[in-house]
Amino acid sequence: MKEIILTVLGVLVLLLLFNLKIVPHATEYVIERLGKFKGRWSAGLHLLIPFIDRISNKVTLKEQVLDSRPQPVITKDNVTMQIDTVVYFKVFDPKLFTYGAVSPISALENLTATTLRNIVGELELDDTLTSRDLINGRMTEILDSATDQWGIKVNRVELKNIIPPSEIQNAMEKQMKAERDRRETLLEAEGHKAAVITRAEGDKQAMILAAEGERDARIARAEGEAKAIYLAKKAEADGLAALKEAGVDEAVLEIKKYEALVAMSNGRASKIIVPTDAVNMTKSNVIFSETTGLGDTTAPAVDAKKPQKQDVCCD
């Protein structure tokens with residue numbers, strides 16, 4: 001009897017140990033009792049009643065990534081492209097995730113493909129290539145709304161690759177090359193234009209500076225000449241004033257006038273204007289010299305011998 005009791009106790013302990021369940025963090029277990037939903041186990045230690053309770057599903061609450069295979073999509077202008085998407089989602093309700101769809105992940109993948117075809121089918125090729133953000137936003141909104149009944153929250157959708165046909169790729173490459181060549185030509189033209197403008201501005205500034213330098217030089221030269229003339233006249237005036245203060249007589253002044261006439265005669269002027277008083281002075285001096293014989297440096301003329309007539313009678 002004792003052995004039977006020990007055996008029963010041993011079996012109960014084994015069953016107890018076998019039905020102790022530890023739920024990890026960010027995970028929930030969906031529990032059914034006699035085939036009916038009983039509840040959800042969060043992280044921690046839980047006891048499962050043998051033969052009555054069972055774990056229906058183990059659901060992770062972490063964000064998951066669904067990387068779909070490339071799907072053939074036809075655009076509005078009848079261009080077939082291969083597009084693959086990446087869906088970021090997480091389960092917010094393990095009960096709906098377990099009982100809302102038979103295979104919610106597969107259902108989400110198929111829904112992503114059909115939604116992508118519907119959205120891209122309304123766009124042309126160029127719009128599809130340049131409207132990634134628009135496509136991502138619309139797909140996120142549609143998928144998030146459709147998967148609420150499955151307990152799935154779609155956080156965002158990204159277009160991973162857009163692969164157009166090879167003919168379209170070649171045409172796009174040629175277009176890109178032509179655009180780059182156009183930009184290169186435009187940049188070269190703008191650079192040449194800027195260089196010509198800069199050179200012209202430099203020449204203009206150089207001419208302005210040269211003109212200003214010539215103007216300043218002429219002004220300085222004119223100021224120097226005016227100052228020289230002023231100083232010469234001032235010196236002459238000072239000299240005359242000094243002579244006047246010294247009380248020179250008329251004879252000295254007359255000599256100065258002669259010196260002035262001599263200096264004027266040595267120049268290159270073709271005409272000499274002689275003051276009236278100087279002419280009168282010269283005339284008086286000539287009369288005085290002729291009268292007195294002073295100052296006359298001309299040698300007296302030698303009387304010529306008259307030829308003697310021959311005496312005819314005496315021959």
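Trainee: Which residues have the most contacts inside the largest nonpolar core, and how many residues does that core have?

Mentor: A nonpolar core is a set of buried nonpolar residues joined through their side-chain atoms. In this predicted model, the largest such core has 27 residues, and those with the most contacts inside it are Ile-83, Val-87, Leu-116, Ile-135, Met-139 and Val-154. Two or more residues are given to this core by each of strand E8, helix H3, helix H5 (132-146) and strand E9 (152-163). Apart from it lies another core, of 5 residues, among them Val-23, Tyr-29, Ile-31 and Trp-41.

Trainee: Why does Val-87 count as buried?

Mentor: Buried means under 20% relative accessible area. Val-87, which lies in strand E8 (residues 80-91), has a relative accessibility of 0% and therefore counts as buried.

Trainee: With which residues is Val-87 in contact, once its neighbours within four places in sequence are left aside?

Mentor: The contacts of Val-87 are with Gln-64, Val-65, Leu-66, Leu-108, Thr-112, Leu-143, Val-154, Arg-156 and Val-157. For one of these, Val-65, the separation from Val-87 is 22 residues in sequence, while the C-alpha to C-alpha distance is 5.7 Å. For the chain as a whole, among contacts between residues at least 6 apart in sequence, 62% join residues at least 24 apart.

Trainee: How should I read helix H3, and which of its residues are buried?

Mentor: Helix H3 (residues 104-120) has 17 residues and reaches 24 Å from its first C-alpha to its last, close to the 24 Å expected at 1.5 Å a residue. Its buried residues are Pro-104, Leu-108, Thr-112, Ala-113, Thr-115, Leu-116, Ile-119 and Val-120. Leu-116, not counting residues up to four places away in sequence, touches Val-73, Ile-83, Thr-85, Ile-135, Met-139 and Leu-159.

Trainee: Turning to the surface, which residues form a nonpolar patch there?

Mentor: A surface patch is made of residues with over 30% relative accessible area. Here Met-1, Ile-4, Ile-5, Leu-6, Val-8, Leu-9 and Leu-12 form a nonpolar patch, with about 730 Å² of accessible area together. Leu-9, which lies in helix H1 (residues 2-19), has a relative accessible area of 45% and so is partly exposed.

Trainee: What does the chain come to in secondary structure and accessible surface?

Mentor: The chain has 8 helices and 9 strands, and 20% of its 315 residues count as buried. Its accessible surface comes to about 23400 Å², of which 59% belongs to carbon and sulfur atoms.

Key
Residues numbered from 1 in each chain as written. Predicted model: local features only at pLDDT ≥ 70, side-chain atom pairs only at ≥ 80, totals over all residues. Heavy atoms only, no water. Helix = DSSP H or I, 4+ residues; strand = E, 2+ residues; numbered from the N terminus. Buried < 20%, exposed > 50% of the residue type's maximum accessible area, 1.4 Å probe, protein only. Contact = heavy atoms within 4.5 Å. Expected span 1.5 Å × (residues − 1). Patch = residues over 30% accessible without salt bridge, like charges linked within 9 Å, V, L, I, M, F, W, Y side chains within 5 Å. Areas by Shrake-Rupley, 256 points an atom, 1.4 Å probe, with all protein chains shown as cover. Salt bridge = Lys/Arg side-chain N within 4 Å of Asp/Glu carboxyl O. Core = buried A, V, L, I, M, F, W, Y, C linked by side-chain atoms within 4.5 Å.
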